[in-house]
Amino acid sequence: MIPLWEKQNDIPLFDSKNPFEPHLVPYILESGKKLPCIIVFPGGGYTHRAQHESEPVCLWLNSIGISAFALNYRVHPYKHPAPLLDAKRAIRLVRYFSKKWNIDPNRIGVLGFSAGGHLASLIGTHFDSGDKKNNDPVERISCRPDCMVLCYPVISLAEFAHEGSKKALLGENPDPVLVWTLSSHNMVSIKTPPTFLWHTSDDSSVPVENSLLFAMALKKYGVPFELHIFPHGRHGLGLATDTLYVKEWTKLCEKWFESIGFIRYNGG
């Protein structure tokens, strides 16, 4: 376990009545060369973190030559911006310690499921280049991911919203401006990183329109993306190893990693 902050007193928006300390669980590969890395954000509607979308996904990434970290970010009763602060800090921390962990600082991506997909999409649209004057050297580092993988993601907090995630993240009657800015398709720009998305067309929890909205925004701004819509499959499939057709998403994603130069065979 790697704490995101060294001391409890350093954790922004820390609630002593709900003393969860956000942290990374490492799945770092040993290699003689710098490897790509993915930080995994499990789903759970911002109320919990689904374990089947955590360690098994990191182990799959390891199997294709990618070091990984599972991010245990803050969820309810914590609200925005606590999860986003955790996501930003996680990328900064991995990039800061990239040499120590044998990670290529220019190949650090994020992968999220459902509400974790929402968080991943937020970091891909709300990143910054770091605070160069901060006393904490980690905070001086960019938190922009180099790629994103969004799996049946929550994207909109307005139309097509997953109401449970919205309520857990923003509470009752949230500010409409905040709802708009945290609907991540509204915040896509030419600087948003390349993105791989997949969804099932009959997802009854998070409508497929969420992925379609994000894909259309990526298209508008000329951001490279790959989108796969599978005809059938329940929400929350994770690796989907027991679901016909949908289980192919991992192979498709691996090929996409190759296509953008994130993984390099015969070179790692």
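Which residues does F41 touch, not counting residues up to four places away in sequence? In this predicted model, F41 touches L71, Y73, A87, V110, L111, G112, F113, G116, L119, A120 and I123. The sections below place F41 and several other residues in the chain.

## Overall form

The protein chain has seven helices and eight strands in its secondary structure. Its C-alpha trace spans about 50 × 45 × 35 Å along the principal axes. A compact globule of 268 residues would have a radius of gyration near 18 Å, and the protein chain, with 17 Å, agrees with this.

Buried residues make up 53% of the 268 residues of the protein chain. Among the contacts in the protein chain with a separation of 6 or more, 76% join residues 24 or more positions apart.

## Nonpolar cores

The largest nonpolar core holds 47 residues. Within this core, the residues with the most contacts are L24, I39, F41, F69, L71 and V94. At least two residues of the core come from each of the strands β3 (35-41), β4 (67-72), β5 (103-113) and β6 (148-151). The helices α2, α3 (115-123), α4 (163-170) and α6 (209-220) also supply at least two residues each. The largest share, six residues, comes from α2.

Another core lies apart from this one and has 30 residues, including V40, V57, I64 and A70.

## The largest pocket

How much space lies in the largest pocket? The volume is about 270 Å³. The lining consists of 14 residues, and L4, W5, E6, R89 and V138 are the closest to the centre of the pocket.

By class, nine of the lining residues are nonpolar and five are charged, while no polar residues take part.

Is D86 buried or exposed? D86 has a relative accessible area of 0%, so this residue is buried.

Which residues is D86 in contact with, leaving aside its neighbours within four places in sequence? The contacts of D86 are L4, W5, P22, L71, Y73 and R74. L4 and W5 are also among the residues closest to the centre of the largest pocket. L71 is one of the residues with the most contacts inside the largest nonpolar core, and F41 touches both L71 and Y73.

Methods. Residues numbered from 1 in each chain as written. Predicted model: local features only at pLDDT ≥ 70, side-chain atom pairs only at ≥ 80, totals over all residues. Heavy atoms only, no water. 1 Å grid on protein atoms, 1.4 Å probe; cavity = no way out; pocket = protein on both sides within 12 Å on 5 of 7 lines; lining within 4 Å. Points joined across faces, edges and corners; volume = space filled by probe spheres on them. Nonpolar A, V, L, I, M, F, W, Y, C, P; charged D, E, K, R; others polar. Buried < 20%, exposed > 50% of the residue type's maximum accessible area, 1.4 Å probe, protein only. Contact = heavy atoms within 4.5 Å. Core = buried A, V, L, I, M, F, W, Y, C linked by side-chain atoms within 4.5 Å. Helix = DSSP H or I, 4+ residues; strand = E, 2+ residues; numbered from the N terminus. Rg over C-alpha atoms; globule rule 2.2 N^0.38 Å.
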